[in-house]
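Biologist: I am new to this structure. Please show it to me, and then I will ask how you know what you say about it.

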Amino acid sequence: MLPTTATGVQIQYDKIMAGEDRKPQHIFLGITKLYEPLIQAIYHAETWMQNGVDAEMLQRQLSSVLALQVEGDVVELGCFKGLTSCLFRLVLDKSRTPHYRTELKTVHVYDTFEGMPKPSQADAHYFLDGEGVIIDIEGGMIGLIEESKENHRLHNLKEPVYHKGLFSDTLPDQLPDKICFALLDSDWYDSIMCSLEHVYPRMQPGAICAIDDYCVPLFPGAKAATDTFLADKPEVILGNPDACKHVFFIKGAM
Ligand SMILES: C[S@@+](CC[C@H](N)C(=O)[O-])C[C@H]1O[C@@H](n2cnc3c(N)ncnc32)[C@H](O)[C@@H]1O
């Protein structure tokens with residue numbers, strides 16, 4: 001049975017650390033043993049929004065910008081209960097790049113922490129009924145700051161910096177000046193577009209921006225916003241839509 005509570009996650013984590021409860025049907029593509037216990041633990045938690053392959057790919061992408069010593073901090077726009085930010089923190093703390101203190105980098109997370117805002121017409125056909133009334137998700141998917149704090153505490157990880165509010169209010173002046181890695185995971189067209197508009201100029205050369213749900217037809221707004229935003233930019237979309245629900249681009253890579 002899957003754990004449903006924070007305690008359940010801890011028990012799962014402890015079992016995995018002890019070498020029990022491996023799930024042979026879930027294949028990790030050679031992820032380092034260091035990260036596997038956390039990824040396994042969060043993969044089994046109901047508060048986890050990434051699947052195992054996406055989690056592993058995000059870990060690899062962040063590791064690669066660290067190996068290349070890209071300047072700047074890590075940001076997650078749409079953080080929910082903070083388990084993906086736990087993964088980012090772990091990668092930063094455990095990476096060993098000579099003369100490059102990755103553990104000094106900060107993770108910044110942005111969310112209403114009160115659930116999803118309204119979808120727009122670009123997301124509408126899935127979430128509005130025939131009369132334009134919202135039938136799903138607005139106000140749903142609520143992740144609280146307290147839940148994120150608890151997840152970081154369970155995994156003995158330093159907390160991220162929390163930025164509570166709508167992106168349109170927080171992003172203009174609460175993003176770090178330099179970003180080495182960004183995860184945009186907010187589902188709606190307007191949310192992803194707002195994220196791209198503010199994150200892109202702060203991405204340093206070689207920085208990676210991952211856009212979750214680009215490959216998920218249920219969330220057409222994520223793809224539409226990304227394609228529209230990048231249409232006049234040199235960067236191209238990279239990724240493996242057959243395996244992952246996210247795609248990414250590298251600042252300055254054409
Ligand atoms: C799919 S969840 C994020 C999952 C998280 N990245 C993870 O891996 O666990 C989407 C989150 O985006 C947030 N969100 C969406 N649009 C937003 C906006 N315009 N401003 C602030 N938060 C937003 C929602 O509150 C929700 O918590």
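Biologist: What share of the contacts in the protein with a separation of 6 or more comes from residues 24 or more positions apart?

Modeller: Residues 24 or more positions apart account for 74% of those contacts. This is a predicted model, with 9 helices and 6 strands. Of its 254 residues, 45% count as buried.

Biologist: What is the average pLDDT of the protein?

Modeller: The average pLDDT is 81, and 74% of the residues score at least 70. Over residues 1-31 pLDDT stays under 50, and the model has 37 contacts beyond four places in sequence for that stretch.

Biologist: Why are helix 7 and helix 8 called roughly parallel to each other?

Modeller: The axes of helix 7 (residues 167-174) and helix 8 (residues 189-199) cross at roughly 10 degrees. Angles under 35 degrees count as roughly parallel, and helix 7 and helix 8 are therefore given that name. Their axes also come within 10 Å.

Biologist: Which residues make that contact?

Modeller: Helix 7 contributes Phe167, Ser168, Leu171 and Pro172, while helix 8 contributes Ser191, Cys194, Ser195 and His198. By class, the contact of helix 7 with helix 8 has 4 nonpolar, 4 polar and no charged residues.

Biologist: What makes the buried residues of helix 7 line one face of the helix?

Modeller: The buried residues in helix 7 are Phe167, Thr170 and Leu171. Viewed down the axis of helix 7, they fall within an arc of 95 degrees, so they line one face. As a general point, an α-helix has 3.6 residues a turn, so residues three or four places apart point the same way.

Biologist: What do the buried residues of helix 7 pack against?

Modeller: They pack against strand 1 (73-77), strand 2 (107-111), strand 3 (161-164) and helix 8. On the face of helix 7 turned away from its buried side are the exposed residues Pro172 and Asp173.

Biologist: Why is Val199 called buried?

Modeller: Val199 is found in helix 8. A residue needs 20 or more other C-beta atoms within 10 Å of its own to be buried. Val199 has 22 within that distance, so Val199 counts as buried.

Biologist: Which residues is Val199 in contact with, leaving aside its neighbours within four places in sequence?

Modeller: Val199 is in contact with Val75, Leu175, Ile179, Ala182 and Cys209. Of these, Cys209 is 10 residues from Val199 in sequence, and 8.5 Å away in space, C-alpha to C-alpha.

Notes. Residues numbered from 1 in each chain as written. Predicted model: local features only at pLDDT ≥ 70, side-chain atom pairs only at ≥ 80, totals over all residues. Axes fitted to C-alpha atoms, helices over the stretch in contact; angles between N-to-C directions. Helix = DSSP H or I, 4+ residues; strand = E, 2+ residues; numbered from the N terminus. Parallel < 35°, antiparallel > 145°, perpendicular 65-115°, else oblique. Contact = placed C-beta atoms within 7 Å. Nonpolar A, V, L, I, M, F, W, Y, C, P; charged D, E, K, R; others polar. Buried ≥ 20, exposed ≤ 12 C-beta atoms within 10 Å, placed from the backbone. Arc of directions from axis to C-beta. pLDDT = per-residue confidence, 0-100.
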